[in-house]
Amino acid sequence: MIKELNLEIITPSKIAFSGKVKSVTVPGTLGSFQVLYNHAPLLSTFGIGRIRIEELNGTITEFTTGGGSIEVLKNKILILADSVERREEIDVERARKSLERAKERLSSTRKEKIDIARAEASYQRAVNRLKFAGADQN
C-alpha cells in the first residue's frame, strides 16, 4: 500500500496545486511542521515562509507563501493560502519595490500615521520572495 496524501493548495485567485503527495511542510506560526500519512486531524494557521511538498515520485516542489490556514483530515490536506508562488513566478523587481516601500513606511512612523503591522508584514513578504527567488537583499 502506498502511503499518500491528497493535497490541495488554493488561493483567492487560483488552485496552485492539486495531487497526491508523500508529505507537506508548512511555515507554522510557531515553527515549521510536516504532515505525513495518517497525521492526526489538524486545523491551524501558518505564516510567511515556504511550503515544501514531496511528491510520490520524490520530486520536491516549493512555494513561497504569505500565510493562511491548513486543514488535515483523513489523509486529505487543504491549504487555503493568502498567496503562493513558485520560484519562477516571482517578479523580483516588483518584490524589490515592495521592500523599499515597506522600509520607507517603517522608517517614517513619526511623520504620518501608518499601519505598522501591515508595513512589517509587507516587508517580511518581500524579503521572503527575494530570498526564495535567489535575489536576497535587505
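Student: How many aromatic pairs does the structure hold?

Tutor: This is a predicted model, in which local features need pLDDT of at least 70 and side-chain atom pairs count only at pLDDT 80 or more, while totals for chains, interfaces and linings use all residues. Residues are numbered from 1 along each chain as its sequence is written, and side-chain values use heavy atoms, leaving out hydrogens and water. Rings of Phe, Tyr and Trp (its six-membered ring) pair if their centres lie within 6.5 Å, as stacked (planes under 30 degrees apart), edge-to-face (over 60) or tilted (the rest). For aromatic pairs, the count in the structure is zero.

Student: Which residue lies over the face of Phe132?

Tutor: A charge sits over a ring if NZ of Lys or CZ of Arg is within 6 Å of the ring centre and within 35 degrees of the ring normal. At 4.2 Å from the ring centre of Phe132, the residue over its face is Arg87.

Student: What pattern does the protein chain follow along the sequence?

Tutor: Helices (H or I, at least four residues) and strands (E, at least two) are DSSP runs, numbered from the N terminus. The protein chain has two helices and nine strands, and its C-alpha trace spans about 60 × 30 × 25 Å along the principal axes. Read along the sequence, the pattern is β-β-β-β-β-β-β-β-β-α-α.

Student: How many bridges join strand S5 to S6?

Tutor: Strands pair if DSSP finds at least two bridges between them. S5 (residues 49–55) and S6 run antiparallel, and Arg50 stands opposite Thr64 in S6. Their hairpin has four residues between the strands, and Gly58 there takes a positive phi near 95°. The number of bridges joining S5 to S6 is six.

Student: Which residue in S9 is the bridge partner of Thr64?

Tutor: S6 is also joined to strand S9 (residues 84–85), by two bridges, and these strands run antiparallel. Within S9, the bridge partner of Thr64 is Glu85.

Student: What is the volume of the largest cavity?

Tutor: On a 1 Å grid over the protein atoms alone, a cavity is a set of points where a 1.4 Å probe fits but cannot get out, and a pocket is an open set with protein on both sides within 12 Å along at least five of seven lines; lining residues have an atom within 4 Å of a point. The structure holds one cavity of 30 Å³ or more. With volume taken as the space filled by probe spheres on points joined across faces, edges and corners, the largest cavity has about 50 Å³.

Student: Which element gives the largest share of the lining of the largest cavity?

Tutor: Thr64, Glu85 and Arg125 are among the residues that line the largest cavity. Two elements give two or more residues to this lining, namely strand S6 (60–65) and H2. The largest share, three residues, comes from H2.

Student: Which element gives the most to the lining of the largest pocket?

Tutor: The largest pocket has a volume of about 260 Å³, and its lining includes Glu85, Arg94, Arg101 and Arg125. Helix H1 (92–107) and helix H2 (116–133) are the elements that give two or more residues to this lining. With five residues, the element giving the most is H1.

Student: Which residue forms a salt bridge with Glu4?

Tutor: A salt bridge is a side-chain nitrogen of Lys or Arg within 4 Å of a carboxyl oxygen of Asp or Glu, and the whole structure has six. Glu4 is in the segment before strand S1 (5–10), and its partner is in strand S2 (residues 15–26), 16 residues apart. With the closest N and O atoms 3.5 Å apart, the partner of Glu4 is Lys20.
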